[in-house]
Each structure stands twice: as C-alpha cells, then as structure tokens.
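We will go from the whole chain down to single side chains, one stop at a time.

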Amino acid sequence: MAKEKRLLSLSRKKEKKANSPSKLRKDLDTIFSQYIRRRDKVCRKCGTNQNLQNSHIMSRVSQNLRWDERNAMTLCYKCHLCWWHKEILEAAEWCKIEIGEELYNSLRKEKDIIKHWTPEDLKNLIEKYSNNP
C-alpha cells in the first residue's frame, strides 16, 4: 500500500512537471523550430539545406512573437550566427526585402506588446505546430 502511494505520488509529480510552463515553453521552442525548418526547407539567405536553424526576426525575448511563424525563418548555422547576429544592419535591410517592409514594420510594432501565455495556450501551440507538415 505504501509503495503504491509513493508510485502514485511520483506519477503525479511527473505529470505536474510535464505540464509546467517552463517545460511547455521548452517543448514548444523545439517543436516550433522543427516546424519552421520543415516549412522553409533551405536557408533563406544562401539556399543550403545543411545545418539549418530557426532564426527569429525580432528577438524571441518578445513573448508576443516568440512562436509566431511570421517572425521566424530558416537560416543555416553560418548565415545565422556569422551573418545575422554580426551584420545586424545589413541583415535588417535584407530581411525587409525578403519578407516585405510592411510585415517587417508590423513585427517591429508587435514586438513590444506584452503577452502572457497560459499553459493551455502553450499546449494549443504545441498541438498546432506538431500537426503541421
């Protein structure tokens, strides 16, 4: 009986941890990154299909845009880390052409909107990006 209670308690703790906001955010980051890389298939800058990464146009610190597919694109490792994060002004100008100035300006405005995600919101996004090709 005591062993069964301990197992039930451990099971509940694992379930609670799996549904914690931090775990859901981490899972969503992974699933969202995979989704963006599947969507784009190649680096949007150089066209390679090797060492692909998800790059946020406006920083992922902006919770409002963190999992917004309009704010993400696929870049290879080299273009992402050696160009996007180093040649910021050049990258911004390229991005305005790549996604269009209207969308770029819209993202700039939206990045400052404060968004508080509920666990249910995060689960819905996980489901949305998990079920898309």
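This is a predicted model: local features need pLDDT of at least 70, side-chain atom pairs count only at pLDDT 80 or more; totals for chains, interfaces and linings use all residues.

Residues are numbered from 1 along each chain as its sequence is written, and side-chain values use heavy atoms, with hydrogens and water left out.

**Stop 1: the whole chain.** Among the 133 residues, 35% count as buried, where buried means under 20% relative accessible area, exposed over 50% and partly exposed in between (1.4 Å probe, protein chains only). Looking at contacts (heavy atoms within 4.5 Å), residues 24 or more positions apart make up 68% of those with a separation of 6 or more.

**Stop 2: the strands.** Select residues 52–56 (S1) and 72–76 (S2). The two pair in the antiparallel sense over five bridges; pairing requires that DSSP finds at least two bridges between strands. Click Ser-55 to find its bridge partner in S2, Met-73. Which way do the S2 residues point? Ala-72, Thr-74 and Cys-76 go one way and Met-73 and Leu-75 the other, and all are buried.

**Stop 3: the largest nonpolar core.** A nonpolar core is a set of buried Ala, Val, Leu, Ile, Met, Phe, Trp, Tyr and Cys residues joined through side-chain atoms within 4.5 Å. The largest one here has 18 residues, of which Ile-57 and Cys-95 touch the most other members. S2, helix H3 (77–84), helix H4 (88–99) and helix H5 (101–110) each contribute at least two residues to this core, and H4 gives the largest share, with five. Now centre on Ile-57: leaving out residues up to four places away in sequence, its contacts include Trp-84, Cys-95, Ile-99, Tyr-104 and Leu-107. Another core, of 13 residues, lies apart from this one; Leu-24, Leu-28, Tyr-35 and Tyr-129 are among its members.

**Stop 4: Glu-110.** Beyond its neighbours within four places in sequence, Glu-110 is in contact with Ser-62, Asn-64, Leu-65, Asp-68 and Arg-70.

**Stop 5: Arg-60 and Asp-29.** The whole structure holds 11 salt bridges, each a side-chain nitrogen of Lys or Arg within 4 Å of a carboxyl oxygen of Asp or Glu. Select Arg-60 and Asp-29 to see one of them, at 3.4 Å from N to O. Arg-60 sits in the loop between S1 and S2 and Asp-29 in helix H2 (residues 21–40), so this pair ties together parts 31 residues apart in sequence. Arg-60 is partly exposed at 40% relative accessibility, whereas Asp-29 is buried at 18%.

**Stop 6: Arg-44 and Glu-98.** Here the closest N and O atoms of the salt bridge are 2.9 Å apart.

Note on methods:
Helices (H or I, at least four residues) and strands (E, at least two) are DSSP runs, numbered from the N terminus.
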